[in-house]
Structure formats: structure tokens, C-alpha cells
Amino acid sequence: MSAATPPLHLRSSTGRARRRRLVGRGMELLATLASVLAVALLAIVVASVIKEGAPALSWDFFTKAPAPFGQTNGGIANSIVGTALMTAMATAMALPAGVLIAIYNVEFAPPRVAEMVRLVLNVLAGVPTIVIGIFVYGLLVVGSGQSAAAASVALAILMLPLIARATEEVLALVPASLREAGLALGGTRARTVVRIILPTAVGGIVTSAIVAVARAAGETAPVLFTSSIVANLVSTDVHSALGSIPLSIYVNSESPSVHDQQQAWAAALVLLVFVLVLSIGGRLLSLRTRRQIERMR
Amino acid sequence: MIAETPAPASTFRRRRPRFGDAGLRVLAGVAAIGSLLLVALLTYKVVDEAWPSIAQFGLSFLWSEDWNAVTGEFGARDLIWGTAFSSLVAVAIAAPVAIAIGLFLSELAPRRLRAPVGALVELLAAIPSVVLGLWGIIVLGPFLQQHIEPRLGDWLGFIPLFSGSPSNVGLLPAAIVLTIMIIPIVASISRELFLSVPGDLKQGSLALGSTRWEMVRNVAIPQVSAGLVAAVILGLARALGEAIAVSQVIGGGLNFSASVFQPADTLAGRIASQYQGSTSNLQTASLAYLAVILLAMSLIANITAQLIVRRIRQRMGGAH
């Protein structure tokens, strides 16, 4: 780690040592360039979205539904409302289930069963989101038609493993001494979990939910077949299909009309800001929680 | 949920939660079993939706090239090629870059830079795929068409892969968008892996006179090589299953072309672009069949990666 100065024999500039040092420097340079590349890619994409999207932003963009075909001055209010409702419903399903799974794994499950549940959660996290879309289509849409409720089930399936895994990590961080103290005071297992462990880990659980929301709000594939045939008006009826921001970007991005593409960029800017703010916020919160828990040890 | 125990004298105990131990255990257990059932149901349902097509075409679906909604002939060969090609190119580019990033963030970067650069790399993963696809279709595609593809064609045009006229949609932009998507995934796993290499091993190597790169090559990478393989497999799985961004930039070509400049399609991309407008039950079922193939690929990739990780953990557990 602390190899700021090279070992003595490398400071001599005999051929072999020099070559080794040069190779080392070269590799370090390549690794640095790779990181610069990744950050540059982020900057390029974000800059494009800001440059193309910002001019099309206006008050109307947030408060109006899309304009009828051929007209301008429309907005994405229906999509914003749809995304908000669907993400909220998905969180309401995935958060309790995910936390319960994490509690089961950390507090109750025999090691082998916990391992099995973990494996399945990882598998679920790896299922392509388009396949989740097909699944929910067959499960809920065939027969009863598209609805925001069906889409939120698809989003919840996507969020579940994210929340469960992250929550389990945080629960496992809670010092055993706290758990033992709770039990030693005569608390039952359940009481210890509810009164001591969950409050200690609450920051981490909230973080996991934030990260999952950021992910779900930007997903197109799960809503593509479950809530995509939408009217251009603001609605809060979750039994019918509702628009969503990613879907509006997807549809407009494939349009040949410059106006539609501009709407897509503007919607992308809104989505990107939302997702990045949540991701950064979640990250900061998670650092704080971890530090708090570690201080308890 | 559970019958109240006889009220004890102490007020402390009377304020016990509404449900006791058994209640919470059952509730949590049901949620956990629910997740197992969910995966089983998902697999069953997708296969069930694909059944008409599976029954009609059987395994020959995999190497049949037709995709014709009018004649009702469906096959996945070209889509499997498009998926394999775009994902493998993406992984081939992303893996070395991402592992280098992992090294940079764990070994090389000045301490003060590690957290912020690491956070930025992770933000790259947070960009929604539809936004990346929008950027791919409007910025990247035309850029490749005007500046990169003509040059590639001039230099390497004798290879069929780089023949044909430049286009703003096709395999090349799809592979690049996928590369951008999987770099942060592989990079953050690599970083964790390199950080897990015991410090005394690294310092021992340095103390024996290695340069930092020699330490990385001879000590750190061999220590975590299996984990790096797992990370790359996870990246590959992500690339295989990406539907939205790919369907935006790949052009949805119906004809097979060996050139990376030409429109093509992938399994996931075809599902995204046709499922909604499917004209027959057989087409819908065939699209679901594509989903079955995707699901199988992702299950194999994820389980393989996890078995590797588990073996590492057991070995590490044994070593300490």
C-alpha cells in the first residue's frame, strides 16, 4: 500500500529495473485512464441530456399533459403522476416484503436456508426486466387489461431483491452485543427485532428503498406491456394504464419528429436529475448509517 | 396473531408487541418462501406463455432463421447471434476497462480520490437504460455513422464484420451502449474483490521488491481471479438481458447481416419491439419463447457466478 517511493534496488537505473518500473508506471497509467474514461462517459451522457433537454423545460412541461398530435407546448404531467403512483405502490409492496425476508435471513433462518434464499434473491435480481414484464403480462394483464397496478407489481418484483439484499447487509452489521442486550433484558426475539434492531438499522433500510426507487422509476421494460396504452391526460386511476416518464422517453425517442425528440430529452433530464439525486442521497445516507452503526461496536 | 401470554406483573412486559416470536418468525418465513415461489411461478408462467411456440417448433427454434409473422414461421438464430455478438463485444471491451478501474479505485488512486471517483463510476450504473438509449440513438449513432464507421470500413472493410455502408443504428452502437452499462457493474465488484486481498500479502510482495504492478499481477489478481470471472459473468448476464436501450439503437433489422454497421436485433430487443404489436398468438408465444431463452441464459449465468463466489468464500473462510 504505502509504496510511495520504490524499493531501493529499483531506484538504480540498470536496464532490467528500469524496464520493470516503466512497465509498472505504464500499467498504472492505463488503469488511471480507464477510470478517467468511465467518469468522462458519465459526463458526456449527462452533458448531452442537459444540453438537449434544458431548453425544452418549462412550467408547462411539468403541469400539462402531452399536446395533441401536431401541436406543441405539451408536457409530461401524466407521466410524472403515473411514475409517482406506480413507484409508490411498488414500494408499498416491495419494502415490507423485502425487510421481512431480510429479518428472516438474519434472525431466524438456519444457515443453509438463508443461503438458499440469498441465492434465489440473486437469481431474481438477475432476471432480465423484460422477462419480468412478460411474466406480469401473462399473470395480470391477459384477461383484465393493462393497468398501473399491474405495472407496479412488475416494478415491485424488480425492487424486492434490491431491498432484501441491502437490508440484510445492514441488519447483519448491527452489533451482536445489542441483540444480546435486548434478549438479556428479557425481550423476546420479535421484540428485540422490532424495538432494537430495526431502529438501529432504519437508515440502511431507508437507503435500500431509495436506491430501489431510483432504479424502478427509470425502468421501461416492466411497464412496456403492463401500462403503455395510455391516454394523453392526467389521471390517477391505477386500474387503468398510466403513462410513465421512461415510457414517454422510449416512445418519443423513436419518433422522427424533432419536437418529440426534444420532449424525450427534456423528460430524460427530469428522470436523470431525479435518479441521480436519489442515488447520491442514498449513498450519503448509507455512509452515515454505516458510520453510526460502526460507532456502536 | 398469537394468543396473549398471561399478563405478567411488570408493566414492561405488558407492552409487548402485538405479535410475538412465533408470529414474526412465521411472517418473515412466509415472505422468504414467497420469494422462492415467486421465482418458480415466474419461470412456470413464462414457459406457459411460450408453450404454443415450444410445442410447434421445439428446439429447432434455436437454429431456425425465419421470423415471419405472415407465414407464421419463427426462429431465433439471428437474434441469438445478435445477442451473443453485442454482449460479447461489450464484455470484451468492458472487462479489462472495468477491472482496471477496480484496481485504480482500490490500489492506485490517491486516497482522497477513491470515494468520489468510486461514487461517480457507480452513478454511471444509475443512468436509466432508456436515457442511455436515447443518447445512443441521437448522439452516439450519428457520430459513429459519420466519423467512426467510414474509417473502420476503410481500414478493415475486407473483413465482412466491417463491410457495408455506415448506418446510425446497428450492432456497433448497441455493443457500445452495453459496454457503458456493464463497466460500472464489473468495476464495483472488482474493487470490492481487490480490497478483500489481505494487506499482509500485498505488503509482503512489495517488501520482496515487487513494483506495485508486479504485486497486482502476481499476488492480487491470482487471489481474486475466480471472483473476477464471476464479475464478468454478471456483466455478461446484464448485457444479454438488456432490452430497452438495445432496441432503441440496434435498428430492429429483420435480415441477417454479418456487418456490425447494419441493423440487427437481439432476443430482448425483439421482445421489446414486437410484443405489443404482435399479430398472432403464435407470434406472441414465440416472443415468450425468446423470453424463455433469455431466462435460461440469465439463470445459468447468475447461478454460475454465485457458485464461484460461494467457493471463494468457503476457501477464504478456511484460510483464516
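**Exercises: helix packing and a pocket**

**Exercise 1.** Describe how α4(A) and helix α7 (residues 148–173) of chain A pack in this predicted model.

*Solution.*
- Step 1: take the geometry. The two helices, α4(A) and α7(A), pack at an angle of about 35 degrees, and their axes are 6 Å apart.
- Step 2: assign the hand. The crossing of α4(A) past α7(A) is right-handed.
- Step 3: sort the contact by class. Between α4(A) and α7(A) it has 24 nonpolar, five polar and one charged residues.

**Exercise 2.** Characterise the second largest pocket by its volume, its lining residues and their classes.

*Solution.*
- Step 1: volume. The second largest pocket holds about 540 Å³ of space.
- Step 2: elements. Two or more lining residues come from each of α4 (77–108), α11 (245–253) and α12 (258–296) of chain A. α11(A) gives the largest share, four residues.
- Step 3: residues. The lining has 25 residues; nearest the pocket centre lie A:Pro66, A:Ala67, A:Asn232, A:Asn252 and A:Asp260.
- Step 4: classes. Eight lining residues are nonpolar, 16 are polar and one is charged.

**Exercise 3.** Compare the span of α12(A) with the expected value, then examine the start of this helix.

*Solution.*
- Step 1: span. α12(A) has 39 residues, and its first and last C-alpha atoms lie 57 Å apart. That is close to the 57 Å expected at 1.5 Å a residue.
- Step 2: start. There, a side-chain oxygen of A:Ser257 comes within 3.2 Å of the backbone nitrogen of A:His259.

Technical notes. Residues are numbered from 1 along each chain as its sequence is written. Chains are lettered from A and ligands numbered from 1 in the order in which they are written. This is a predicted model: local features need pLDDT of at least 70, side-chain atom pairs count only at pLDDT 80 or more; totals for chains, interfaces and linings use all residues. Side-chain values use heavy atoms; hydrogens and water are left out. On a 1 Å grid over the protein atoms alone, a cavity is a set of points where a 1.4 Å probe fits but cannot get out, and a pocket is an open set with protein on both sides within 12 Å along at least five of seven lines; lining residues have an atom within 4 Å of a point. Grid points are joined across faces, edges and corners, and a volume is the space filled by probe spheres set on the points. Ala, Val, Leu, Ile, Met, Phe, Trp, Tyr, Cys and Pro count as nonpolar, Asp, Glu, Lys and Arg as charged, and the others, Gly among them, as polar. The expected span of a helix is 1.5 Å times one less than its number of residues. A polar contact is a pair of N or O atoms within 3.5 Å; within protein, one must be able to donate a hydrogen and the other to accept it, and residues adjacent in sequence count only if both atoms are side-chain atoms. Axes are lines fitted to C-alpha atoms, for helices over the stretch in contact, and angles run from 0 to 180 degrees between N-to-C directions. A crossing is left-handed if the near helix is turned anticlockwise from the far one by less than a right angle, and right-handed if clockwise.
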